[in-house]
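Visitor: I would like to learn how to read the packing and backbone features of a protein model, one at a time.

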Amino acid sequence: MSEEQLKSEIKNKVATKKIKQTVSSPEKSKKLPRTSEAQQELDVLIRARYPIIYVVTWEEERVERALRHIATSREKKLFTWTITQGIIKSGAEPQKSKSGCGNTSDPLAALDDVIHQVEPAIYLFKDFHRFTVDERANLSVIRRLRDVAYHLRDTYKTIVITSPLMQIAPELSKDITLLEFGLPETNEFNQLLDRIIDDVKENPKVSINLDGLSREKIVRAARGLTLKEAENVFAKTLVTDGKIDADDINIVFSEKEQIIKKSGLLEYCDTKEKFNNVAGLENLKSWLNKRAIAFTDKAKKFGLPSPRGVLLLGVQGCGKSLCAKSVSQLWRLPLLRFDLGRMFSSLVGSSEENVRQAIQIAESVAPVILWIDEIDKALAGSTDSAGSDGGTSARVFGTLLTWLSEKTSSVFVIATANDISNLPPELLRKGRLDEIFFIDLPNMSERRDIFKIHITKRGREIKQFDLDKLAEATEGFNGAEIEESVVSALFDAFSNQSNLSTEHIIQAISETVPLSKTMSEEINGLRTWASGRARPATRGNTQNKNESRRKIEF
């Protein structure tokens, strides 16, 4: 079978399955698996005769499927309304359906039709939020909705409005009940995966290699997607490589990347950095390795909460950003960069709203790693911002602090900072972040490993270089300066038409003035603060033997 035939077969089977589910019989609907909390709440509200329920969701199909099950179990009819089709029976073909009372595409006519209907029924109004927003053009619809709400209290009829946005006029606030219809849960993704596997299991061109752990990884990666997005990305994995296994996680992440790009507030970091490319930092590595499985169902059953976050404090160029990128590969979670500077806007209140939206987007694609780079610069002056920016920085900081304290979603925060004096003390307390690690200048062993990593990365045989000599020559250098010395030596060797050697790198080192000399006072002050306040990222004493010390006379 050719690739085009395989694509066609997958699409046909998925489409056929959708049609079968849409027009499924009542007997099959009653066998619906365990429902989510939102679906149970929706059932309770309908049974309690709440007249108008406003469901905030992107997934109309999921809500309609839940309502179909509720209507069948309660022996009610289910109708749907759209501005293009008017009121039709759920599951019927739109082109063959007829409206019950004239042209019900008009919102007022549709609401009149609801009142005229005698039999018990549920009415699903899709994208009705355009008519519930507080605008002059909607005055008649808003008033009519209030009339309908009063009428439905003594009937077995319910109106359910679905919309991705919450737009409710103040007049309707007491007549409408709001319900957040969350994203699919793990059991719903498992059902979807079972259905797709069942569709293609007889195809010899398709390989399904999912054991318990691999399946959990795939389902965990899909969390944060809608069912439609998850179905698309699962089908994409089959078309791309003809299989579904744990290696397809990156394809699932690509769907999340689309969500982030559409928002414009967060940056999706498609990093390839391996955790092995981080030299030294044994304490930090051990801490992160222990939490690599903290997002699994097994950890949850054991009673482990999701890790909250970590603050990486240290000297510039010592690998804080590299650590953030490598954790994404270690944990197999997407990495989002949260640029606080991008959040600030000239309009009053817009900056805080941007932060809230960015946080909401991150939570919607959880589990995820949220990287706040150089948080000290972004929050500098937040404690006394009233005189500089009207208190905007303080309000943004307050919004971030509140979220860090109260968040329950699987969003792991990695914040990096160079200058502790600019960090507000409220950020440093336990409960907002799990730990503070101090990353000092690399010691002898770490510098040796850094040279080994960068020389090997550039395709050179490591045995041809004297790593001990290079490590001794770069005392006081940070990781970025060591990498730059290798790159500079490569340019010198290339211009001389010779092979890269230890001497080329030594020459590049001799021409470099490290940051530890130009900013020695600031670095020593940072070390003093971190002593006893932050965990060292490296085991043992990382203090350089030539480091300046206070001289005291006795």
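Predicted model: local features only at pLDDT ≥ 70, side-chain atom pairs only at ≥ 80, totals over all residues.

Visitor: In what order do the seven strands of the open sheet stand?

Guide: Strands of a sheet pair through backbone hydrogen bonds, either parallel or antiparallel. Strands here are DSSP runs of E with at least two residues, helices are runs of H or I with at least four, and both are numbered from the N terminus; two strands pair if DSSP finds at least two bridges between them. In this model seven strands form an open sheet with mixed pairing, in the order β9-β11-β12-β13-β10-β14-β15. The edges are held by β9 (267–269) and β15 (535–536), each with a single partner strand, so one side of each is left without a neighbour in the sheet.

Visitor: Which strands does β10 pair with, and how many of its residues are buried?

Guide: Five bridges join β10 to strand β13 (residues 411–417) in a parallel arrangement, with L313 standing opposite A417. β10 also pairs with β14 over five bridges, again in the parallel sense, and there G314 has I439 as its bridge partner. As for burial, a residue is buried under 20% relative accessible area, exposed over 50% and partly exposed in between, using a 1.4 Å probe and protein chains only. Six of the six residues of β10 (residues 309–314) are buried, so the strand is largely enclosed by the rest of the structure. G309, L311 and L313 point one way from β10, whereas V310, L312 and G314 point the other way, and all are buried.

Visitor: At what angle do the axes of α15 and α18 cross?

Guide: Axes are lines fitted to C-alpha atoms, for helices over the stretch in contact, and angles run from 0 to 180 degrees between N-to-C directions. Angles under 35 degrees count as roughly parallel, over 145 as roughly antiparallel, 65 to 115 as roughly perpendicular and the rest as oblique. The axes of α15 (residues 350–364) and α18 (residues 392–406) come within 9 Å and cross at roughly 25°, which means that α15 is roughly parallel to α18. For α19 (residues 444–457) and α21 (residues 479–495), the axes come within 10 Å and cross at roughly 45°, which makes α19 oblique to α21.

Visitor: How many aromatic pairs does a search of the whole structure find?

Guide: Rings of Phe, Tyr and Trp (its six-membered ring) pair if their centres lie within 6.5 Å; planes under 30 degrees apart count as stacked, over 60 as edge-to-face and the rest as tilted. The search of the whole structure finds ten aromatic pairs. One of them is the stacked pair of W81 and F125, at 5.4 Å centre to centre with 25° between the planes. This pair links distant parts of the chain, since W81 lies in β2 (residues 77–82) and F125 in β4 (residues 121–126), 44 residues apart. Both W81 and F125 are buried. W287 and F437, by contrast, form an edge-to-face pair, 5.7 Å centre to centre with 70° between the planes. W287 is in helix α11 (residues 282–290) and F437 in strand β14 (residues 435–439), 150 residues apart; both are buried. W287 and F437 also belong to one aromatic cluster with F295, W331 and F412.

Visitor: Where is the cis peptide bond, and which residues have a positive phi?

Guide: Most residues other than glycine have a negative phi, and most peptide bonds are trans. The peptide bond from A366 to P367 is cis, with omega near 5°, and P367 is found in the loop between α15 and β12 (368–372). E75 has a positive phi of about 55° although it is not a glycine; E75 is in the loop between α4 (60–73) and β2, and counts as exposed because its relative accessibility is 72%. E374 has a positive phi of about 50°, again without being a glycine, and its place is in the loop between β12 and α16 (375–378). With a relative accessible area of 32%, E374 is partly exposed.

Note on methods: Residues numbered from 1 in each chain as written. Heavy atoms only, no water.
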